[in-house]
Amino acid sequence: MRSQGQTQIVEHATALLRRLVKHDGPGVAVLIRCGSEVLFRESYGRADIELDVPLSPNHVFRIASITKMMTAAEILKLSEEGKLTLDDHADKYLPEIPVAKFVTVRELLSHTAGISDQPTFVSPDFGKNDRTTEELLKDIALRPSDFDPGTRWSYSNAGYVLLGAIIERVTGASWKDAFHEDIFLPLGMARTGCFGNEVIIPGRVRGYTTETPDRSPKNAEEFSLSVPMASGGLLSTLDDLAIWAQSLASGKLISLESFRQMIEPTKTLPGMPTRHGYGFGTILTRVRGESAIGHTGQIPGYTSCLTHFPSLDVTVVVLSNDHYFDARGAGRRFSAIALGQPYTEPELSTWSKVEVESVLGTYQVDTETTWTLSQEDGRLFCQRSNRNRVPIQSCVNSELHLAFELDFWVPVKNSEGEVVGMNHFEDGEAPPRFVSRIE
């Protein structure tokens, strides 16, 4: 893929990175790799704003829920070794969890177990202090189930904490030591692990958030990685994550049959995401028609996205030290570039006053999410539920785009010409999903 193809990838990826990131704010590091060949490996922005330290592709980031891929793989590895089975009930390993007797390991892996993510007791310093596995289990033990196992799909960090605890009970080691011995050491992932703030980690970047009214950066809140544990407690690098994805898909860590189980879509249930499928700790999606696996992550100070195309052996990794950065959207954009089919930027258009006023109002996306479109000083803004509002770009073909996002909306009118909803083009691709106007 060298010569002209790689030249175009570098040109498109460099331009995109500069559009997405400010040079003096939190940064983004990106890797595009095909097999062992690195096609693009760059970073932009700052690893430490206060010290004015530029971000490097070598830096270490919190990767949040990409950790779930490793947790699922470790469970499958233990299953291959005969140390557990996926249809074991969780109370075999966690008898202190009342709901565990109704839940299987398989259901924990697929987010269909109904394990609640709502803490029983929330203190002002929740998340800041280190927590032991026993403390985490004690809290989860007090929570009622969200639903009967196997009847719904609901993303559950607590479910993956239980999987981490099962790994500890089966191996006799801490979950992070088990990962080090069974995954990171054999694969040569020398800069991946779970490390507390007190440990000196060369190249660890500082975390920020730009979820502020004017998008100016703030230091991220303190957050102990012992709290998400095996659901999101790892740090890693661009290169280590590429090693991970390629090793996983090629059978170097778990068997190809176990990998097949890992990427088998969970059956369709109420609550399943519309954007993608889900296997065991793995998001299943398509980019420009190509099947991809991976995961995204978000934790105070950081966002991440790992995408791997097994049939092409192409890996795309996006890591940011900005809690508010859209790593998922950026991952799709860089993946499209890697596939030679980059997304085009929308063509802006000035709408008339009547056109703008016709779309103002609130739209019901799902039972928990609304979009409210408002206007100030002639500019359109969108507020998602209770989050900060962000500007909208009006474009040709009656399209409305959030800046730097792939999703766009097209107003839908009734016979009287009134806007009654929006066609929502997720990830910028058809077919659209209709979203009703409620105000």
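**Figure 1. Residues around the largest cavity of the predicted model**. In this predicted model, the largest cavity is lined by Val99, Gly114, Ile115, Ser116, Ile140, Arg143, Pro144 and Ser145. The space inside the largest cavity comes to about 40 Å³, and the structure as a whole holds two cavities of 30 Å³ or more. When the lining residues of the largest cavity are sorted by class, four are nonpolar, three are polar and one is charged.

**Figure 2. Residues around the second largest cavity**. The lining of the second largest cavity is made up of Glu107, Leu108, His111, Ala113, Gly114, Ile115, Ser156 and Gly159, and the volume of this cavity is about 30 Å³. By class, the lining of the second largest cavity consists of three nonpolar, four polar and one charged residues.

Figure 3. The volume of the second largest pocket is about 420 Å³, and its lining includes seven nonpolar, five polar and six charged residues.

**Figure 4. The packing of helix H5 against helix H6**. Helix H5, which covers residues 157-171, packs with helix H6, which covers residues 175-187, at an angle of about 70 degrees, and the axes of the two helices are 8 Å apart. Because angles from 65 to 115 degrees count as roughly perpendicular, H5 is described as roughly perpendicular to H6. On the H5 side the contact is made by Gly164, Ile167, Glu168 and Thr171, while H6 contributes Trp175, Ala178 and Phe179. Sorted by class, the residues in this contact between H5 and H6 are four nonpolar, two polar and one charged.

**Figure 5. A salt bridge between arginine 19 and glutamate 345**. Side chains of opposite charge can pair when their charged atoms come close. Here the side chains of arginine 19 and glutamate 345 meet in a salt bridge, with a distance of 3.1 Å from N to O. Arginine 19 lies in helix H1 (residues 4-20), whereas glutamate 345 lies in the loop between helix H9 (327-338) and helix H10 (353-359), so the pair ties together parts that are 326 residues apart in sequence. A search of the whole structure finds 21 salt bridges, and the pair of arginine 19 and glutamate 345 is one example of a salt bridge.

How values were computed
Residues numbered from 1 in each chain as written. Predicted model: local features only at pLDDT ≥ 70, side-chain atom pairs only at ≥ 80, totals over all residues. Heavy atoms only, no water. 1 Å grid on protein atoms, 1.4 Å probe; cavity = no way out; pocket = protein on both sides within 12 Å on 5 of 7 lines; lining within 4 Å. Points joined across faces, edges and corners; volume = space filled by probe spheres on them. Nonpolar A, V, L, I, M, F, W, Y, C, P; charged D, E, K, R; others polar. Axes fitted to C-alpha atoms, helices over the stretch in contact; angles between N-to-C directions. Helix = DSSP H or I, 4+ residues; strand = E, 2+ residues; numbered from the N terminus. Parallel < 35°, antiparallel > 145°, perpendicular 65-115°, else oblique. Contact = heavy atoms within 4.5 Å. Salt bridge = Lys/Arg side-chain N within 4 Å of Asp/Glu carboxyl O.
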